[in-house]
Amino acid sequence: MPNYKLLPIPLLLLGMTTLSYAEQVSLPTLSVEGVAGEVAPYTLPSLPASTADLGDMVKRLPGATVNRNGIISSIAQYRGLFGHRVNVKLDGTGMHEAGPNSMDAPLSYLASSRTGNVSVYRGIAPVRTGIETIGGTIEAESKRIDFATGDEFKLHGNLVAGYASLGHTRQSSFTTALTNQHHRIQVSGSSDRGDDLDFKGGTIRPTKQDRDSLGLHYGYQNQGHEHEINIEHIDMGVNGTAALPMDIIFFRGERYNMKHSDILANGNQYDITLRYQDIDHRMDNYSHRTNSNPMMHRFVTPDVQAGGVSFSYNMANWTVGFDADQAEHNATVFNPNNAAFFVESFNDVERDRYSIFTEWQGEISEHWEMEAGLRYSRIEMDAGNVDSFAGLPMAVGVLRDRFNSSDLDQEDDLIDVVATFTRDLTDSVGVEVGFARKTRAPSYHERYLWIPLEITSGLADGNNYVGDVDLDHEVAYQFELGLDWHSTNLAFSPRVFYHHINDYIQGVSGITDMATIGVSTVNGDSTPLQYSNVDAKLYGLDANWLYAINSEWQLDGTVSYVRGKRRDTSDDLYRISPLTARTMLSYVQPKWRLAIEAETIAKQNKVSSENGEDKTGGYALYHLSGQYQATEAITLSAGVNNLFNRGYTDHLGGYNRAAGNPDIAVGDRLPGVGRSAYINASINF
Ligand SMILES: [Cu+2]
């Protein structure tokens, strides 16, 4: 059979342009021989980045997009499910957000310039990829310099510097390491800065960006043993989040992990990972946006401490393992002009997960292969008693006392089951069928938000929400059917899917409690929503494809479509990505390439009336990009995004919440960004 894999075209092109510089091109999981199916996870190497936001890379994966609440606050969406439903891993480990509005969604922790690749487990994520994977698993890996050969230490590295005209965005990174065959000592870092971004009719404020990261990594390997210690420091400064009621003042802290893996004499292998993170955050509603009422100035100081352990053991067709993590969250609201004011929105909230799993992978008949998995998880949640400033309206005290006397200690038992079957129909066509039951326990916001506030894990619909301690967990029944068709110059991998979700958690109107309504009205929304269990379904299709017209001209693209509906009412689900297609035409030469890409987005008129969501129109954007391999070590890239400076509205971009902008009224949809010319240099040594 032809050993032709569905390479995402940028990789194919990089592969072609840099064949003689093979060490510069990371080809991690893409070459599997003798399989017609697509490699899992589907991996895209990083492109020379025109923006600092990793979300822009995730958007290139079939079926994936991002809900953008700020300049680096991108929340992954996969097939219409987003937020805590999607399991996002960085360098192999999951993480916990410090911000109760997901300002620091996982994708915000890795700069584009330091990113090695992004990947998605297309369709149903295997149970081994995480505890709550109802909406799939997306991964990103930072650049990494591998062990060398021989005993002598060698110094290698990669430097990136880039500039984009939109917001005078500057990005830079370094990844450098001393390595020999046993040791690798790596230091890496990144810096992103940018001013407010323009759109066709003015400026979006605030859209400043400011983020630094520093990583220290040590690895040791010897005959199958491997140890690794990684420390990542993150320092986000002021970053605008115009779609949210406050802006980021900072996120600061560290993530640590230790990995150990061993191949035993009998060929079995085990991996163990320990991780810990400690992140502090501050946000406010007056430093970087207009707020003319000093008594309504507020700042919030959330934090998270979380730790976890994962273990897996592989033998022949079987994998068994366990995962456990514990996270503790706090968030208190203050008024800078009244030292006595405080509201503990979350106090000592704990969310602990204990989970075991097993997977089996292998041939079940002459033609069929199966991957089956079973995972049991126990989610234990609890919250400390909350307190608030005595001078607040009496109704606040009523809500507080009611919350403190309710049964805050809650448990959920989750069972996930996955079975995926694949077979080759011909040498070039493979088929995949998958079935799953996937689950998610309520988030701590959905369960413990006792005072009506806009603390929503970044839903950004403008509504105040209240939680419900007694929420049930979500259960999804998922079906997937896919084809992988590869010939020598054509690849096409379409997938159709259906999710039937019971107890889907979403905000529901109709609260009658007078204390809740009274407090919410003072907080700016007389019709708050309550997190509730409803029923939902999502279905759709996504595909990626690649066509080599000849050795110089190539076409590639993705198409993603999803429809999300309530089953208990006739409403549609909120913030569902419109039909999206990307089509890129490239001209490739050994040392350079040029490409033009069309990003076409349909209108979205299937919107949630429960969330008060506005429809958006369709549009097409054109992007021009080029790369030039100047020397063996230096790659130069340049391009223009939104070539025709088209004005448009990203359906997933939210509504303006920042007052004082003459160009965009509060409550209007945030416009999409304008034209940006960029240049980028990458040096390997
Ligand atoms: Cu925040």
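Lys89 has Gly94 as its bridge partner in strand β6. Strands here are DSSP runs of E at least two residues in length, while helices are runs of H or I with at least four, and both are numbered from the N terminus. This is a predicted model, where local features need pLDDT of at least 70, side-chain atom pairs count only at pLDDT 80 or more, and totals for chains, interfaces and linings use all residues. Residue numbers start from 1 along each chain, following the sequence as written.

Back to β6: two bridges join it to strand β5 (residues 87-90), and the two run antiparallel. That is just enough to call them a pair, because pairing asks for at least two DSSP bridges between two strands. Both sit in an open sheet of five strands, ordered β1-β7-β8-β5-β6, with mixed pairing. At the edges you'll find β1 (42-45) and β6 (93-94), each pairing on one side only.

If you want a spot to look at, Tyr354 stands opposite Arg378 in β22.

β22 also pairs with strand β23 (residues 410-424), again antiparallel and over 14 bridges. Here Trp368 stands opposite Arg423 in β23.

## A look at Gln627

Gln627 belongs to strand β32 (residues 619-629). It counts as buried because 25 other C-beta atoms lie within 10 Å. The scale behind that word, with C-beta atoms placed from the backbone, is 20 or more others within 10 Å of a residue's own for buried, 12 or fewer for exposed, and partly exposed in between.

Lys591 is 36 residues from Gln627 in sequence, yet their C-alpha atoms are 8.2 Å apart in space.

## The whole chain

Zooming out, the protein chain has five helices and 34 strands. Its radius of gyration is 25 Å, close to the 26 Å from the globule rule for 685 residues, so the chain is as compact as a globular protein of that length. The radius is taken over C-alpha atoms, and the rule is 2.2 Å times the number of residues to the power 0.38. Along its principal axes, the C-alpha trace spans about 75 × 55 × 55 Å.

Of the 685 residues, 49% count as buried. As for contacts (C-beta atoms, placed from the backbone, within 7 Å), take those between residues at least 6 apart in sequence: 66% of them join residues at least 24 apart.

Notes. Two residues are in contact if their C-beta atoms, placed from the backbone, lie within 7 Å.
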